[in-house]
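Please read the points below alongside the sequence and the model, which are shown first. They are meant for someone who has not seen this structure before.

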Amino acid sequence: MLKILLIDDDEDDYVVFKLALSEINEAIQLFYGSCADDISDLLLQTTPQLIFLDINLPRINGIECLQQLQNDERGKHIPVVMYSSSELPRDLQQSYDAGAVLYFRKPTEISTLIAALKKIIALDWEKPLDIR
């Protein structure tokens, strides 16, 4: 059973993400955090196999959170997908430089989200460096 942690300050995005995952496979466990401040506690509580991380978060942004994860024994081996509405090349480059395995732009249609999540979940997350 796949455990996914979504960190996103927009609760509506969480609801849509959860709905999309339930369309794919109801056995997928989704855990949610609304800010990066809670990342250490969330890792202890959830032990996710995959993290989706928004860039635009309050206080600690997603890039800073990703850097913290890379320096944390519990988090550095968990693949991170940056999940953002940003189209800025700078955000994409900073995400990969900080250790993201994949950059996924938030789609506007749920059908597009479902199709993309199916593909992302089907990737070989045991070898995340091969995904880039």
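1. A residue is called buried under 20% relative accessible area, exposed over 50% and partly exposed in between, with a 1.4 Å probe and protein chains only. By that rule C65 is buried, with a relative accessible area of 0%, and C35 counts as buried at 7% relative accessibility.

2. The model is predicted, so to speak of local features a pLDDT of at least 70 is needed, side-chain atom pairs count only at pLDDT 80 or more, and totals for chains, interfaces and linings use all residues. Residues are numbered from 1 along each chain as its sequence is written, and side-chain values use heavy atoms, with hydrogens and water left out.

3. A disulfide is taken to be a pair of cysteine sulfur atoms within 2.5 Å, and a search of the whole structure finds 0 of them. C35 is in no disulfide, the nearest cysteine sulfur being that of C65, 9.2 Å away.

4. Helices (H or I, at least four residues) and strands (E, at least two) are DSSP runs numbered from the N terminus. In strand β3 (residues 50-53), L50 and F52 point one way while I51 and L53 point the other way, and all are buried.

5. Two strands pair if DSSP finds at least two bridges between them. Strand β1 (residues 3-7) pairs with β3 in the parallel sense over 4 bridges, and strand β4 (residues 80-84) pairs with β3, also in the parallel sense, over 3 bridges.

6. β3, helix α3 (residues 62-70) and β4 make a right-handed β-α-β unit; a crossover is right-handed if, with the strands pointing away from the viewer, the path from the first strand over the helix to the second runs clockwise.

7. Two residues that are not glycine deserve a look at their backbone angles. T47, in the loop between α2 (39-46) and β3, has a positive phi of about 40° and is partly exposed, with a relative accessible area of 47%. R59, in the loop between β3 and α3, has a positive phi of about 60° and counts as exposed at 62% relative accessibility.
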